[in-house]
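Please keep the model open while reading these notes.

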Amino acid sequence: MLEQQSWAVRTAQTVIKRQPILGTKWAYEWGVVLKGVEQVWLETRQPAYLDYVQINIDTFVQPDGSILTYSPQEYNLDHINTGKLLFSLFRMTGAARYEKALHRLREQLNTHPRTSERGFWHKNIYPQQMWLDGIYMAGPFLAEYGRTFNQPADFDEVVQQIVLIESHTRDAQTGLLYHGWDESRTQQWANPETGCSPHFWGRAIGWYVMALAEVLELLPEDHAGRPPVTAILNRTLDALLRAQDPTSGLWYQVLDQGHRAGNYLEASASSMMVYALAKTVLQSNTNPNYQTAAETGYNGIVKQLIETDAEGSVNVNRICSVAGLGSTPYRDGSYEYYISEPVVSNDYKGVGAFILASVEIERLRQGRAVKTAG
């Protein structure tokens, strides 16, 4: 049970007060916030939180299951993420609109373009490219779809995507994963030999470890993919522990370049690492270093990156507004690029990740595993 003054509750209440409707387009960013609010509802069972999720989703999902502003022909993995909220609403209400919308999003993946090894392109406009971000955007959705609608092949698909991108992006020396991989090796940012982008962006790896922790909650206990996914998550978390700043407990925008001018301790990545670490401990991982790192990281976030105003509203500071890889000279994957993007407060990606981390830390402190929605 979350206390009324917990950071999860206070931040969720701040979001509801500030943004009654989170977005005007179907987008992954506000889906991250709603996922956090959903988890607060699961812990409190206060109807206002579920109502907020439903109002925002119903702004887009129509009675026939169509989704306003969503275009499957864009083949954008980002568009799948917010669909995760449909599962709770479908279980709670039984409304046909949510089931139809779930099938509509799943259908995108049936024809989504792939690499030669059947890895999903991140977007149609990014040909032959897999990004770590995409594993979070589509992976947990696909796993929950498989569980909800008894589609075991979807579990196999999720595991394939997780294993494939790790095989191409892991750095043998640090254990960290590069942000993106270009199979064609034609992008300006792609290493001509490996196809990898040149740096370890904090939020990209944050998306990835969050995804793996969530997928492991959804995979059947006897699924053959559990051991490899568990091994990948553990070795990635081990690498993140080595990259954790020992003074602040936080993680840098560019993970292994903390000493360089312009780098900074970033809120969304730090929250994602805490979330994944805490969730992994609750999934029976007995590594004491994970719990220590989660607690140290969370305390660092609250101490250094969270503020409250005179009205008690919560502000999450020092969030990278956006970063990506592109064909333009600007998004070249360089260190200078990653530190050049605006650093802002209350960006949805950071706020949502902080709520998720706050809920998971409370569960960890109380020794309780995650509840299921519905």
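1. In this predicted model, the largest cavity holds about 120 Å³ of space. It is lined by 14 residues, and those closest to its centre are Leu77, Phe120, Gly134, Ile135 and Gln161. A search of the whole structure gives 2 cavities of 30 Å³ or more.

2. Which elements build the lining of the largest cavity? At least two residues each come from β1 (129-131), α6 and α7 (152-169). Helix α6 contributes the most, with 5 residues. By class, the lining of the largest cavity has 10 nonpolar residues, 4 polar ones and no charged ones.

3. The second largest cavity has about 60 Å³ of space. The residues around the second largest cavity include Thr11, Thr14, Val15 and Arg18, along with Val314, Asn346 and Tyr348. Its lining divides into 4 nonpolar, 4 polar and 1 charged residues.

4. Next comes an open space. The second largest pocket contains about 300 Å³. Its lining counts 24 residues, with Tyr28, Glu29, Asp78, Lys123 and Val322 closest to the centre. Helices α2, α6 and α8 (202-218) each give two or more residues to the lining of this pocket. How do the residues of that lining divide by class? There are 10 nonpolar, 5 polar and 9 charged residues.

5. Helix α4 covers residues 85-93, and its buried residues are Leu85, Leu86, Phe87, Ser88, Leu89 and Phe90. What do the buried residues of α4 pack against? Their partners are α2 (28-44), α3 (47-58), α5 (96-111) and α6 (132-148). Just after α4 comes glycine 94, with a positive phi of about 70 degrees.

6. Most residues other than glycine have a negative phi. Arginine 118 is not a glycine, yet its phi is positive, about 75 degrees. Its place is in the loop between α5 and β1. Is arginine 118 buried, partly exposed or exposed? It is partly exposed, because its relative accessible area is 45%, which falls between the limits of 20% for buried and 50% for exposed.

7. Arginine 185 also has a positive phi, of about 60 degrees, although it is not a glycine. This residue sits in the loop between β2 (180-182) and α8. Arginine 185 has a relative accessibility of 33%, so it counts as partly exposed.

8. Where is glutamine 257 placed? It belongs to the loop between α9 (226-243) and α10 (267-282). Glutamine 257 is buried, because its relative accessible area is 14% and buried means under 20%. Leaving aside neighbours within four places in sequence, the contacts of glutamine 257 are Asn263 and Tyr335.

Definitions and conventions:
Residues are numbered from 1 along each chain as its sequence is written. This is a predicted model: local features need pLDDT of at least 70, side-chain atom pairs count only at pLDDT 80 or more; totals for chains, interfaces and linings use all residues. Side-chain values use heavy atoms; hydrogens and water are left out. Helices (H or I, at least four residues) and strands (E, at least two) are DSSP runs, numbered from the N terminus. Buried means under 20% relative accessible area, exposed over 50%, partly exposed in between (1.4 Å probe, protein chains only). Contact means heavy atoms within 4.5 Å. On a 1 Å grid over the protein atoms alone, a cavity is a set of points where a 1.4 Å probe fits but cannot get out, and a pocket is an open set with protein on both sides within 12 Å along at least five of seven lines; lining residues have an atom within 4 Å of a point. Grid points are joined across faces, edges and corners, and a volume is the space filled by probe spheres set on the points. Ala, Val, Leu, Ile, Met, Phe, Trp, Tyr, Cys and Pro count as nonpolar, Asp, Glu, Lys and Arg as charged, and the others, Gly among them, as polar.
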